Structures are given as structure tokens and as C-alpha cells.
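Here is a report on one protein model. It takes up confidence, strand pairing and helix packing in turn.

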Amino acid sequence: MANQTTVTEFILLGLFSDPQLQTFLFLVFLVIYLSTLVGNVAIMLVRRADPHLGTPMYFLLSHLSFSDICFSSVTVPKMLEALLSELKTISVSCCFAQMFFLLLSGCSEVFILSAMAYDRYAAICNPLRYSRTMSKRVCSQLVAGAWLIGSLYALINTLPLLDLHFCGPNAINHFSLIKLSCSVTHQMELVTFLGSFLFTLPPFLLTLTSYVCIITAILRISSSTGRQKAFSTCSSHLIVVTTFYGTLIIVYILPKTKVLRELNKVFSVFYTILTPLANPLIYSLRNKEVMEALRKAVRNSVAFMSSFIEGDIKCSV
């Protein structure tokens, strides 16, 4: 081991090798990333500006938007740099840091989604106790707990990497760092598996249980109008949860057949780039309160800019 060369950087394996196609992908991913930032920041600002969006659901939604911004910003800028660079490399330390923040934001998002599912359960199944069940203090504790658990999960999965020795090969494909190590990794693989199991299964079961109870309660409503109104309050979150867990299952859980290995990068791009963009779009397009708040914010911004321009014109005259 002492005579082996220590790897100081990893080679990033891109989606395609065609330079023209990489330029096209750079433009596409740049537009998607900027749209993700604008959409999620808009939801956060509108939620704080509009008093009608002061409910627990929108409080949790704003934190979901923040986690989406963090999740996308961890990987996309480096991906954009790699698409334009001939040397598609990343240092070992930067790779560890990127993995830490990716796991932190990803795990936090899982628990925030489960908190949003519990919020919908409380609103539909126990509406009379909703204000007490989902108080501001409880919501703050749920969000703080999500980020605390995410930090713990990221530490458990990244700190053991510091003890690994990398001597080649150094071509990295979707964070498969353990497979690149020259060290004995059986114990770390076991710890990683158990950590993933313990930190992801409980929020998934909570989300699943919440929606089983929600659907059961909705089906008991006698009027079709009441069922439709109740379902509309959780349809946006249900679509987001289905998209999030669907891509997770495809990328990490399904057996790695030859076909899935080839498509794994494509699904990973969808998971890391398109999902953070889909969340604000789904909540904006399927939520009348959010759409009305956005329209109001746009009207106020246009009115302010018009009055500002008219004031400048009068001053110049």
C-alpha cells in the first residue's frame, strides 16, 4: 500500500462525449438551474410577503424550496463547469464536500416531505385539532429536526471516507466512491446500507401511512364536491412525493440490469436537476393560492417599477 500512488482527483464521466452535444446540454442545464433558483426563491419570498400563505403547509413548502435550492446548487454548477471543460476532474476533498452537502440536503428534503404529508393528514383527518397539532412551534421543530437528521446522516456517510485510500482507477460514476477505494470497505458498506435504511425508511413509512389515512378519509366523504376539495389540498404534495420517491427507487433500489446501468445517469440527472425545478412548478400551477399570490407580487412589482420610472422622468424634466 505504501508503494501505491495516492489519487488526488477523480475524473467525472459525462453523459455524452460529443462536444457539440455537451454545449447544448450546458445551455439546457443552465436554463433549468436558473429557472430552479427563480422558482424556488419566488415561492420563499411570496410566502413571506402574502399573509394568506402563513399556514403550516406553506411554511413547510418554503423550506422544501430552500432544500431544493441547496440540493441543486451542490451538483449543477460543477456539472456546468465540466460540460465546458476539457479536463473533467474534481479533487478528492471537493468530492467529499459535495457528497456531504448532497446527502444533507437530500435527507432533509425526505423528512420535510414527510412533515408535509403529516400536515395534510392533520388537516384532513383531524381538522378540529389542526391548529394545535401543527402550531408554529411544532412546524419549527419539524424543520429543525429534518436538517439535524440530515446533518447526522451526511456525517455518517462521509466521515468514514476520510479513512479510505484511493490508488486508482479514479473515474467516478455517480458517487460510487467506495468501489474506487483500495481499502477494505466491507464494514463501511454495511454502515452505509444500515444508515440509508434507518434514515430513509421511517420518513417513507410516515408519508405512506399519512396518505393511506388521507385517502381513506377522503373516500368516506359523501359528496363528490367535498371529496374533490379535500383531495385538491394534497394533490400537489402527492405528485411531488411520487416524483421524488419514484426517481429514488429507479436510481438506487431497482436491480442494476444492463439496461438500467445505461439509463442510470439519465435518471440521476432527472433526480438532481429536474426534481428541484418540478416542485415549484407543481405547487404554482396546481395551487390557486400560490398562483394568486404570484400574480399579486408581479402586479405590485410592475406598479412599483412604473412609478419609479415615472418619477425619474419627472425629475429629469
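The protein chain has a mean pLDDT of 79, and 79% of its residues reach 70 or more. pLDDT is the predictor's confidence in each residue, from 0 to 100. This is a predicted model: local features need pLDDT of at least 70, side-chain atom pairs count only at pLDDT 80 or more, and totals for chains, interfaces and linings use all residues. Residues are numbered from 1 along each chain as its sequence is written, and side-chain values use heavy atoms, with hydrogens and water left out.

**Confidence**

Confidence is highest in helix H5 (residues 136-158), at a mean of 92, and lowest in helix H10 (residues 288-316), at 64. Helices (H or I, at least four residues) and strands (E, at least two) are DSSP runs, numbered from the N terminus. Over residues 1-5, pLDDT stays under 50. For these residues the model has eight contacts beyond four places in sequence, a contact being heavy atoms within 4.5 Å. Where pLDDT is low, the predicted coordinates should not be read in detail.

**Strands**

Strand S1 (residues 9-12) pairs with two partners, tabulated here. Two strands pair if DSSP finds at least two bridges between them.

**Helices**

Two packed helices are described by the angle between their axes and the distance between the axes. Axes are lines fitted to C-alpha atoms, for helices over the stretch in contact, and angles run from 0 to 180 degrees between N-to-C directions.

Helix H2 (residues 56-84) packs on helix H3 (residues 92-125) at an angle of about 160 degrees, with the axes 9 Å apart. H2 is therefore roughly antiparallel to H3 (over 145 degrees; under 35 counts as roughly parallel, 65 to 115 as roughly perpendicular and the rest as oblique). The contact of H2 with H3 has 14 nonpolar, six polar and five charged residues. Ala, Val, Leu, Ile, Met, Phe, Trp, Tyr, Cys and Pro count as nonpolar, Asp, Glu, Lys and Arg as charged, and the others, Gly among them, as polar.

H3 also meets helix H7 (residues 186-220): their axes come within 9 Å and cross at roughly 25 degrees. H3 is therefore roughly parallel to H7. Among the contact residues are Phe111, Tyr118 and Tyr121 of H3, and Phe199, Pro203 and Tyr211 of H7. By class, the contact of H3 with H7 has 17 nonpolar, three polar and one charged residues.
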